[in-house]
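This briefing goes through sheets, helix packing, a ligand site and some backbone details. The model is a predicted one.

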Amino acid sequence: MSSDVRFTDFKSDKQPTWCPGCGDFGTMNGMMKALAETGNSPDDTFVVAGIGCSGKIGTYMHSYALHGVHGRALPVGIGVKMANPNLEVMVAGGDGDGYSIGAGHFIHAVRRNVDMTYVVMDNRIYGLTKGQASPTSREDFETSTTPEGPQQPPVNPKALALAAGGTFIAQSFSSNSQRHAELVQEAIEHDGFGFVNVYSPCVTFNDVDTYDYFRDTIVDLDEEDHDPTDREQAKDKILEGDKEYQGVLYRDDNSVPFEQREGIEESMADIPDGAPEDAMDLVREFY
Amino acid sequence: MPDDLNWAIGGEAGDGIDSTGKIFAQALSRAGRHVFTSKDFASRIRGGYTAYKVRTSVDRVESVVDRLDVLIALTERTIDENMDELHEGSVIIYDGERTTMQDVEIPDEMIGLEVPLQRLAEEAGGAIMANVVALGAACEVTNFPIANLDESLKKRFGDKGEAIVENNKEAARKGQQFVQEEYEQDDFGYDMETTDNDYVLLNGDQAIGMGALAAGCRFYSGYPITPATDVMEYLTGRIDQYGGKVVQAEDELSAINMALGAARAGARAMTATSGPGIDLMTETFGLVAQSETPLVICDVMRSGPSTGMPTKQEQGDLNMTLYGGHGEIPRFVVAPTTVSECFWKTVEAFNYAEKYQTPVFLVSDLAMAVTEQTFPPEEFDMDEVEIERGKVVDEGDLDSWTNEKGQFQPHFPAADGISPRAFPGTDNGAHMTTGLEHDALGRRTEDTEIRQEQVEKRQQKVETAREEEDWDYREYGNPDADTLVVSWGSNEGAMREGMEFLEEEGIDVRFISVPYIFPRPDLSEEIEQAEQTIVVECNATGQFADVIEHDVLERVDRVNKYNGVRFKADELAEAIEEAISEAEVTA
Ligand SMILES: Cc1ncc(C[n+]2csc(CCOP(=O)(O)OP(=O)(O)O)c2C)c(N)n1
Ligand code: SF4
């Protein structure tokens, strides 16, 4: 790790093809800032991206990266981190990617508590497939596949995370760039699974959950005298249906990452060029 | 009576059938006898008929036959289930004092040996040892020195304390004495010779796990499924000794993606599953290939389709591993043909995966997975294990793979199709990889020329491997015989022994056992030379036969079995004899 890393070092020379004004620009910038701020370099960072407009992030950033199949980014990230705990692992994707097709992995990644950061670019819509309802879309939000609205309440990802034993749960808004970068940074610094749901508006397909909407409604937890280490308080805030918060909702300061519990300290990349010295013992076990 | 003995213990699941059978098999193996075990089990934990069968001889045994010489029957159903295999003179040991066994009728030509298993066990210290009493009785019946049992009782019960071990030894001796005294006039005609050899006894799943450890596998993620779970259970704990980890994932989608992540981080990684699990993994096959990640994906086949018969044998997933996944996926499919080959082919699978940076399917099946077989330990000579990691670059040689802007090119279209790998953490090696079509830098593209170039690059790996590696088959019998029999996977043992039965009938065959499904050996010459080719496999449609017909543009005959039970040597010989005479009729 070198101290002279700047956030632009995490930028690739590929120009983003996101729509002008897309919330994902701000989300990505904040992630890059947070990575640089925490002293990581592109060569010791691994970014795993989901599938969706949001998932394109891996291409626009510069680091070791993998852009996998829809919904499976978290397991890939877990595999990377377990095989080499020295890497800074960051997983990013959309609300469809993370809470619909990948919802099962989300719950289990939260409870597994591997030391990595998960950033969900929540635009409450499927962007890449051109505007269908997502699991966070409002009940009455009309889309091409839900002309009357989804007719089912949106999922509350922060509640899912808390229920699953999450150790770091935060909410940010891509447009509040400084605050967003700080929150991602806190997630990186957290020992365990740092989850940040980012309101990252889709300017093309979502005319309800817009920049204006979030700007007008978002409340910073710092102004609410919220104690994020108090699980009861966190629960109340998370379950309050009509409020959009930004800040750390919950943080467990005693969190011990999974890989640490499992005693993994070294990279698994180095192996001898033949069977291990004492390998015949493996055979003798079968006498 | 031949020295070849077929022995079984059967009862209800939960009766300790497995561990009792294992104790006997281990005792035989320790006494320098070869052992081949098989299991009949149902997909339930308690209740339901289950049996553990042991075939043993001083010579190597590699298959099961339709014959049972000694049967320990804990339930009446055990006798019914095995009636077909019992013969004149077969000995059936049962506890006539048990209420459920009081009215058991043993056919006249067989020998019913009533041993009060439970009563004798209680005398030795506890009813729970009834099975061990039966083992003692079996030792007496077969003239097998009972002292050999002591070691395996110690192995089984050692951690429960010396007293328990002693009680068990005592229980075995009570069984032995009872037979000695009550049936003193009988000579059952067995003489179980022992030798000085010390064999190891293991099954196919364990051999795969051991192969993985020998090959430097450090990360395994899987989701429990019969009959692949043993691979995971074997690795759990043992892999930690070498700095690795087993992770039980939430499902197979996660399992394969975790393993892929670990492989990208530089670890040798593997996942194993069976039928329904391999279906779930399919989407990621393409990602593994497209991202050029080395990964060993093991499919221990069972009866399908759907959840089919989870505890029964089939070789029905061949097409799935050969063709599964959308688009065109460069891949290797390796199918070990014996338990010890499960070890060696696993080692090879890791080497192919890393050298060619693509998925390698390691295909095994239930018959091999649950079969324990004896081997001289030298068969797993660890000094023979070679690990080849392929083109891995570090800070020093990264430069030769950068473009004019100094960017590392992980998907450089090298002439042999194989690009450099830089493990994360390598300075200046940071790069993108994606399941989308990409350029040499790993970045998404829809440029038609680059697309074509990258497709050709990935396919080229298979061509390079075809040239560089030895995709040979194993051969037995008479190379000039008119009849050529071809099989893959676990049929080799049954066929090898089946050839002896055929020989007795005056039928001469050439037998080729193929462990490589893709790339695979070219059998055109062999098939042309033979008058008739018969492909043997445990599935209904002849998936491997189809592949061969496609290769050689010629019809082959088929012997298929798909009732859920592996081929038995004598039965297979008969089926082949029939296929030969049918061909003669039509000719
Ligand atoms: C298995 C599978 N199903 C469907 C798709 C098509 N698909 C691509 S992105 C996407 C939804 C993305 O939505 P979201 O995660 O919210 O990301 P956004 O585009 O809004 O950033 C879908 C359904 C796919 N790639 N793979
Ligand atoms: S469609 Fe929406 S989410 Fe996708 S790039 Fe455009 S604005 Fe962003």
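In chain A, strand 7 and strand 8 (residues 244–251) run parallel and are joined by three bridges. Within this pair, Asp220(A) stands opposite Gln246(A) of strand 8 of chain A. Both strands belong to an open sheet of nine strands with mixed pairing, ordered 7(A)-8(A)-5(A)-6(A)-4(A)-3(A)-1(A)-2(A)-15(B).

- From one strand to the next, the twist averages 20°.
- Helix 3 (residues 73–83) of chain A lies across strand 1 (45–49), strand 2 (64–67), strand 3 (88–94) and strand 4 (117–122) of chain A. Its direction is at about 175° to that of strand 3 of chain A.

**The five-strand sheet of chain B**

- Chain B has an open sheet of five strands in the order 16-18-17-20-21, again with mixed pairing.
- Strand 16 (474–477) and strand 21 (557–560) of chain B are the edge strands, and each pairs on one side only.
- The twist in this sheet averages 20° from one strand to the next.
- Strand 16 of chain B runs antiparallel to strand 18 (residues 509–514) of chain B, and four bridges join them. In this pairing, Gly477(B) has Arg510(B) of strand 18 of chain B as its bridge partner.
- Helix 15 (residues 491–504) of chain B lies across strand 16, strand 17 (483–488), strand 18 and strand 20 (532–537) of chain B. Helix 15 of chain B runs at about 175° to strand 18 of chain B.
- Helix 17 (residues 543–552) of chain B also packs on the sheet, touching strand 17, strand 18, strand 20 and strand 21 of chain B. Its direction makes about 145° with that of strand 20 of chain B.

**Helix pairs in chain B**

- Helix 15 of chain B also packs against helix 18 (residues 569–586) of chain B, at an angle of about 65° and with the axes 8 Å apart. The crossing is right-handed.
- On the helix 15 side of chain B, this contact uses Ala494(B), Met495(B), Glu497(B), Gly498(B), Phe501(B) and Leu502(B). Helix 18 of chain B contributes Ala569(B), Asp570(B), Leu572(B), Ala573(B), Ile576(B) and Glu577(B). By class, the contact of helix 15 with helix 18 of chain B has eight nonpolar, one polar and three charged residues.
- Helix 7 (residues 204–214) and helix 12 (residues 339–356) of chain B have axes that come within 7 Å and cross at roughly 35°. This crossing is right-handed.
- Residues of helix 7 of chain B in the contact include Gly204(B), Ala207(B), Ile208(B) and Met210(B), while those of helix 12 of chain B include Val339(B), Cys342(B), Phe343(B) and Phe350(B). The contact of helix 7 with helix 12 of chain B has ten nonpolar, three polar and no charged residues.
- The axes of helix 3 (residues 117–124) and helix 4 (residues 130–142) of chain B come within 8 Å and cross at roughly 105°. At that angle, helix 3 of chain B is therefore roughly perpendicular to helix 4 of chain B.
- Leu117(B), Gln118(B), Leu120(B) and Ala121(B) of helix 3 of chain B meet Ala130(B), Val133(B) and Ala134(B) of helix 4 of chain B. These residues divide into six nonpolar, one polar and no charged.

**Ligand 2**

- The residues around ligand 2 are Trp18(A), Cys19(A), Cys22(A), Cys53(A), Asn123(A), Cys202(A), Val203(A), Thr204(A) and Phe205(A).
- In this shell, seven residues are nonpolar, two are polar and none is charged.

**Backbone details**

- Thr226(B) and Pro227(B) are joined by a cis peptide bond, with omega about 0°. Pro227(B) is in the loop between strand 8 (217–222) and helix 8 (229–238) of chain B.
- A cis peptide bond also joins Gly304(B) and Pro305(B), where omega is about -5°. Pro305(B) is in the loop between strand 11 (295–301) and helix 11 (318–323) of chain B.
- Arg124(A), a residue other than glycine, has a positive phi near 55°. Arg124(A) is in the loop between strand 4 and helix 6 (157–163) of chain A.

Conventions
Residues are numbered from 1 along each chain as its sequence is written. Chains are lettered from A and ligands numbered from 1 in the order in which they are written. This is a predicted model: local features need pLDDT of at least 70, side-chain atom pairs count only at pLDDT 80 or more; totals for chains, interfaces and linings use all residues. Side-chain values use heavy atoms; hydrogens and water are left out. Axes are lines fitted to C-alpha atoms, for helices over the stretch in contact, and angles run from 0 to 180 degrees between N-to-C directions. Helices (H or I, at least four residues) and strands (E, at least two) are DSSP runs, numbered from the N terminus. Angles under 35 degrees count as roughly parallel, over 145 as roughly antiparallel, 65 to 115 as roughly perpendicular and the rest as oblique. Contact means heavy atoms within 4.5 Å. Ala, Val, Leu, Ile, Met, Phe, Trp, Tyr, Cys and Pro count as nonpolar, Asp, Glu, Lys and Arg as charged, and the others, Gly among them, as polar. A residue is near a molecule or strand if one of its heavy atoms lies within 4 Å of it. Two strands pair if DSSP finds at least two bridges between them. A crossing is left-handed if the near helix is turned anticlockwise from the far one by less than a right angle, and right-handed if clockwise.
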